[in-house]
Amino acid sequence: MHQVFQSSKVEYSSCGSNNRQKEEASIIMFYDYLQDIEDGKVFLSTEPTKVQMALEKVLQFTTGSRSIPPLGFDSSPTINFCHDPAVTLPTSNTCSMSITLPTAIINVDTFSSRMTYGIGNSLGCLGHV
């Protein structure tokens with residue numbers, strides 16, 4: 001599952017730009033976040049009932065699918081970036097299979113908690129009108 005995001009197309013800004021530096025920091029935090037999920041270190045809720053975050057939830061947030069289809073996806077997901085300093089949650093477009101990461105967050109723990117909050121609180125809405 002992690003490989004789906006490792007092979008994603010990342011839409012970076014021009015090399016050497018300030019935005020590019022923020023994007024590179026965000027993508028590293030995103031890959032670390034995925035690894036932490038895989039290692040069982042990320043939870044959707046806290047005590048007394050801990051619910052572990054799963055990579056399937058990130059996949060569903062990004063693609064609308066809870067699992068990788070047997071023949072794979074028609075295309076790889078795309079990773080975009082939002083440079084608005086007021087935006088601290090991820091967004092997605094399941095039709096184009098893209099996730100947009102915030103670049104305003106520079107702390108790894110804050111990035112992880114905002115990703116978990118954004119993804120965890122959106123999943124009940126997917127597939128409903």
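1. In this predicted model, the side chain of Thr 62 reaches the backbone oxygen of Val 58 at a distance of 2.9 Å. Thr 62 is part of helix H3, which spans residues 55–63. Its relative accessibility is 0%, so Thr 62 counts as buried.

2. The surroundings of Thr 62 come from several parts of the chain. With neighbours within four places in sequence left aside, Thr 62 is in contact with Phe 5, Pro 77, Ser 92, Asn 93, Thr 94, Met 97, Ser 98 and Ile 99. One of these partners, Met 97, is taken up in the next point.

3. Met 97 sits in the loop between S3 and S4. Its phi is positive, about 50°, although Met 97 is not a glycine. A relative accessibility of 11% puts Met 97 among the buried residues, because buried means under 20%. Anyone checking backbone torsions will come across Met 97, given its positive phi.

4. The sheet is open and has four strands in the order S1-S2-S4-S3, with mixed pairing. S1 and strand S3 (91–93) are at the edges, and each has a single partner strand, so one side of each is left without a neighbour in the sheet. Helix H2 packs on the sheet and touches S1, S2 and S4; the direction of H2 makes about 125° with that of S2. H3 also packs on the sheet, where it touches S3 and S4. The direction of H3 makes about 60° with that of S3.

5. The pairing can be followed strand by strand. Strand S1 (residues 9–10) runs parallel to strand S2 (residues 78–82), and two bridges join them. Across this pair, Lys 9 stands opposite Thr 78 in S2, and Val 10 has Ile 79 as its bridge partner in S2. S2 also pairs with strand S4 (residues 98–102), in the parallel sense and over five bridges. In that pair, Asn 80 stands opposite Thr 100 in S4. As background, strands of a sheet pair through backbone hydrogen bonds, either parallel or antiparallel.

6. How many salt bridges does the count come to? The count comes to two salt bridges. One is between Lys 9 and Glu 11, whose closest N and O atoms are 3.1 Å apart. Lys 9 has a relative accessibility of 51% and therefore counts as exposed; the cut-off is over 50%. Glu 11, at 35% relative accessibility, counts as partly exposed.

7. Glu 24 forms a salt bridge with Arg 20, and here the closest N and O atoms are 3.0 Å apart. Both residues lie in helix H2, four residues apart, about one turn of the helix. H2 covers residues 18–38. Glu 24 is partly exposed, with a relative accessible area of 35%, whereas Arg 20 counts as buried at 16% relative accessibility. Glu 24 can also be placed relative to Val 10: the two are 14 residues apart in sequence, and their C-alpha atoms are 9.9 Å apart in space.

8. The largest nonpolar core has 22 residues. Which residues have the most contacts inside it? They are Ile 27, Phe 30, Tyr 33, Val 58, Ile 79, Leu 101 and Met 115. H2, H3, S2, S4 and helix H4 (108–120) each supply at least two residues of this core. H2 gives the most, with seven residues.

9. Leu 101 is one of the core residues with the most contacts. Apart from neighbours within four places in sequence, Leu 101 is in contact with Ser 26, Ile 27, Phe 30, Ile 79, Asn 80, Phe 81, Cys 82 and Met 115. Among these partners, Ile 27, Phe 30, Ile 79 and Met 115 also belong to the core residues with the most contacts. Asn 80, another contact of Leu 101, is the residue that stands opposite Thr 100 in S4.

Technical notes
Residues numbered from 1 in each chain as written. Predicted model: local features only at pLDDT ≥ 70, side-chain atom pairs only at ≥ 80, totals over all residues. Heavy atoms only, no water. Buried < 20%, exposed > 50% of the residue type's maximum accessible area, 1.4 Å probe, protein only. Polar contact = N/O pair within 3.5 Å; in protein donor to acceptor, adjacent residues only side chain to side chain. Contact = heavy atoms within 4.5 Å. Pairing = 2+ DSSP bridges. Axes fitted to C-alpha atoms, helices over the stretch in contact; angles between N-to-C directions. Salt bridge = Lys/Arg side-chain N within 4 Å of Asp/Glu carboxyl O. Core = buried A, V, L, I, M, F, W, Y, C linked by side-chain atoms within 4.5 Å.
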